[in-house]
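This report describes selected features of one protein chain. The sequence and the structure come first, and the text follows.

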Amino acid sequence: CALPISLVATWATAGLAMSRQARLARLRGAARRLVRAEAGGADRGPEHPLPSHSPALDVLEESLSELDVRVRRQVKDLAKQSRNLMSLIDSLDSPVLATGGDNAVLLCNRAAQDLLGLPADKLIGRDVRLLFTRREVLEMHERARAGEVRRGQVRLTTPGGSRTFQVSATPLPAAWGEGVFGAILVMRDVTELAQAVTVKTDFVANASHELRTPVAALKAAVETLLDGADDEPAMRRRMLEVCGKHILRLEEMVRDLMDLSRLESPDMPVNIGEVDLRDLVEAMHLSFEPACKQRSLRLEFSVEPGLDTVRGDPKLLGLILRNLIDNATKYAYEKTAIVIRITRVDGEGGPMLRLEVTDRGVGIPLAQQERVFERFYQVDPARTGVTSKRGTGLGLAIVKHATKALGGRVGLTSVWGEGTTVWAETPIAPEPSGDQDAQGVAADDDRPLLP
């Protein structure tokens with residue numbers, strides 16, 4: 001807040017200097033009349049001016065001229081400082097408002113004008129209580145006028161939608177003497193930070209909730225075994241099966257959490273290379289054969305003719321396809337086919353690889369389709385009961401982040417009672433030129449690439 005305080009002080013000082021310059025001019029005139037009167041010039045009239053060689057007048061004229069030069073220089077310097085400070089405060093992203101003792105706005109920057117949707121000439125002189133309706137902002141302003149510093153987080157409705165601001169209200173000292181002249185409000189947009197904190201809090205709460213179920217089941221099974229289930233082979237076997245089931249769930253959750261953590265890291269490497277789609281399809285067949293056999297599911301792959309290899313990140317593409325298929329095997333009806341299509345499509349920046357997985361299941365309600373890519377979000381009313389194997393709620397979140405890391409996009413279509421198709425499109429990296437490393441991409445490609 002020191003910057004706007006300095007600006008107000010500079011303006012006030014400049015005004016004082018100009019006032020002094022005006023008074024100096026009047027003083028020079030009065031001095032001329034005084035010297036003229038002492039020399040008898042009052043009776044001379046305009047046709048008998050005071051002699052220019054009057055020593056008293058010369059000394060006074062010289063002193064006043066020197067003072068005039070100094071005052072003019074001071075006014076010029078202060079005006080320059082005022083312009084520089086105003087340019088600087090206008091360049092700030094945070095809205096800044098300074099008010100006087102009558103609550104009227106003294107100055108504002110462009111960010112404040114954008115926030116309030118009013119030009120400077122409509123803001124200057126307006127009562128701050130007419131600009132904000134949130135009680136928290138007005139209370140902080142009042143406390144600042146009383147000489148206290150107040151800070152707080154407030155959510156405001158702006159022309160661009162609802163945003164969260166960190167508001168700082170500080171007293172504006174009087175330019176001369178002691179006391180408080182007004183207040184300064186500085187408002188920093190922290191919407192993204194507030195959302196990140198909320199996401200982190202929700203993530204910890206959801207992860208704790210998801211971990212609690214298998215841990216509780218394991219604890220109960222172990223306690224049952226310790227209480228004498230060894231004497232009952234059937235009970236012992238049942239408890240061991242429960243332990244094995246929930247251990248697998250914990251392993252799956254830990255794996256998904258580690259995958260998601262790596263994908264959200266800004267330093268995660270993206271290694272571009274040749275991806276053999278036939279090998280990828282074969283790996284998916286082998287990986288999901290047990291799950292498909294258990295529920296009588298069929299994996300039907302359809303790869304576009306001639307699309308044998310593409311350039312991309314093999315690990316991330318495999319991670320995307322594995323999670324798409326895994327999601328489908330959990331929620332498809334038994335004895336149905338899961339269709340996986342791999343095609344090349346045209347994108348705005350060039351060719352894209354499209355991975356599309358379609359299952360036959362209940363589907364997803366339209367109101368919830370945008371949320372299925374959130375971490376731990378599960379559409380229980382639509383998908384529960386199809387299979388007893390419950391997912392971690394992280395699969396599609398992993399797909400979204402892996403696709404984003406490659407510069408692509410994800411989406412889905414779902415028809416209630418018929419099934420769901422989830423797809424991911426990622427850019428196909430161009431072939432490297434002769435002066436590039438085999439792991440690189442074209443120099444004009446702005447997709448993320450780390451060694």
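Just after α11, G407 takes a positive phi of about 85°. The model is a predicted one.

Helix α11 itself is mostly covered, with 9 of its 11 residues buried. Those buried in α11 are G395, L396, A397, I398, V399, H401, A402, T403 and A405. What do the buried residues of α11 pack against? Their partners are α7 (233–264), α9, β11 (409–415) and β12 (419–427).

Helix α9 spans residues 314–331 and α11 spans residues 395–405; they pack at an angle of about 155°, and their axes are 9 Å apart. Angles over 145 degrees count as roughly antiparallel, and α9 and α11 are therefore roughly antiparallel to each other. Their crossing is left-handed. On the α9 side, the contact is made by L316, L319, I320, N323, L324 and N327. On the α11 side, G395, L396, I398, V399, A402, T403 and A405 take part. The residues of this contact between α9 and α11 comprise 9 nonpolar and 4 polar ones, with no charged residue.

## Two single residues

The side chain of D359 reaches the backbone nitrogen of G361 at a distance of 3.4 Å.

Leaving aside residues up to four places away in sequence, N206 touches R375 and F376. N206 and G393 are separated by 187 residues in sequence, while their C-alpha atoms are 9.8 Å apart in space.

## The chain as a whole

The secondary structure of the chain comes to 11 helices and 12 strands. Of the 451 residues in the chain, 42% are buried. Among contacts in the chain with a separation of 6 or more, 63% are between residues 24 or more positions apart.

Technical notes. Residues numbered from 1 in each chain as written. Predicted model: local features only at pLDDT ≥ 70, side-chain atom pairs only at ≥ 80, totals over all residues. Heavy atoms only, no water. Axes fitted to C-alpha atoms, helices over the stretch in contact; angles between N-to-C directions. Helix = DSSP H or I, 4+ residues; strand = E, 2+ residues; numbered from the N terminus. Parallel < 35°, antiparallel > 145°, perpendicular 65-115°, else oblique. Left-handed = near helix turned anticlockwise from the far one by under 90°. Contact = heavy atoms within 4.5 Å. Nonpolar A, V, L, I, M, F, W, Y, C, P; charged D, E, K, R; others polar. Polar contact = N/O pair within 3.5 Å; in protein donor to acceptor, adjacent residues only side chain to side chain. Buried < 20%, exposed > 50% of the residue type's maximum accessible area, 1.4 Å probe, protein only.
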